[in-house]
Amino acid sequence: MRILRRRGWEIPERDATPEHLVTNRRALMAAAGAGAMLSTQAQAQWLFRRDQGATDPWARNPADLPDLPPAMRNARYQPGRAMSPEREPITFNNFYEFGTDKGIWPQALRMPMRPWTVRVDGMVEQPGEFGVDDLIRRIGIEERVYRLRCVEAWAMTVPWTGFQLSKLLEIVRPLGSAKYVRFETAQHRESMSGLRQSWYPWPHIEGCTIEEAANELTFMPVGLFGRPLPPQNGGPFRVVFPWKYGFKSGKSVTRITLTDQRPKSFWETLQGNEYGFWANVNPEVAHPRWSQATERLIGTNERVPTRLFNGYGEFVAGLYTNLQSERLWA
Ligand code: MTE
């Protein structure tokens, strides 16, 4: 995401210790503890590949990120577009915790994926800490092919595997006083070198209204292209709002809080005039620094017209009928 960088006090990237030279103790321990599942040779190969500069963006320690159960594709959500070529979405990412360029996947692969829990708290009847594998078993998963439109005017079409956020809300039972949902991204200091850049408002926070959270499109992916969701795409557990600009779709979520206060998001705190709370896709409302009329499809570089609500108006337009005074498109 193009943001106005404050100059003067930041440490240039080249002065930081290259992350691949730092031993990731937790991943080593996780791999060691997985001896029953992984042969010693397989562990050694995986650790070698990761530490010597990964060449496979799908690389994972099977003990740290187990296979997903089979998931049926839900035919209700037709993308109307070709799927993005698989390598693009997993190697071209925005994940500022790992750095500001698009090629952060080798660093992201160093983040341990298990154990992973999400705390659901705030204005709910049944707060709790849920293991991501328990949620997968309890709720079940399905595949949905969604378009994702980044505010930077690129777009992708990918099959996510996961469950509707509303299913998790049914478990915790929001109180009538809850008006908003806040999503917090994990902070894993050993792998996320971006967290050292103290001028960013960490942790990464995103938010939506309770009505948006309960909408059928709001999805919690745990997988991508039929495999466990890789860390560079927000594994093992993220949120996706396909009708909003992609920055609303917080990655690697570790806490979900129901609240009566509108959450102030990471991007809103940085540059509220460019990245607001609602951020619904609209081709007619330009970003202050570029047009949103068209978008570039990653993988083919084809340019296509942007669609209102990213083409999902039939599902979500009704959420905004009484909100015309709000800045719905930024
Ligand atoms: N979540 C966190 N925690 N940190 C980020 O930097 N970037 C956002 C969003 N979620 C971001 C994040 C932006 S700008 C986009 S476009 C999408 O993630 C990109 O998701 P993708 O890499 O899976 O395409």
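This is a predicted model: local features need pLDDT of at least 70, side-chain atom pairs count only at pLDDT 80 or more; totals for chains, interfaces and linings use all residues.
Ground rules before the site. Local features need pLDDT of at least 70 and side-chain atom pairs count only at pLDDT 80 or more, while totals for chains, interfaces and linings use all residues. Numbering runs from 1 along each chain as its sequence is written, and side-chain values use heavy atoms, with hydrogens and water left out.

Next, polar contacts, meaning pairs of N or O atoms within 3.5 Å. A ligand oxygen lies 2.9 Å from a side-chain N or O atom of Asn93. A ligand nitrogen is 3.5 Å from a side-chain N or O atom of His204. At Ser249, a polar backbone atom is 2.9 Å from a ligand nitrogen. Alone, the ligand exposes 530 Å², and the protein buries 100% of that (Shrake-Rupley, 1.4 Å probe).

On to charge pairs. The whole structure has 18 salt bridges, that is, a Lys or Arg side-chain nitrogen within 4 Å of an Asp or Glu carboxyl oxygen. One of them joins Arg60 and Asp67, closest N and O atoms 2.6 Å apart. Is Asp67 buried or exposed? Exposed, at 60% relative accessibility; Arg60 is partly exposed, at 23%. The cut-offs: buried is under 20%, exposed over 50%, partly exposed in between, with a 1.4 Å probe and protein chains only. Another bridge links Asp133 and Arg114, at 2.8 Å, N to O.

Note on methods:
A polar contact is a pair of N or O atoms within 3.5 Å; within protein, one must be able to donate a hydrogen and the other to accept it, and residues adjacent in sequence count only if both atoms are side-chain atoms.
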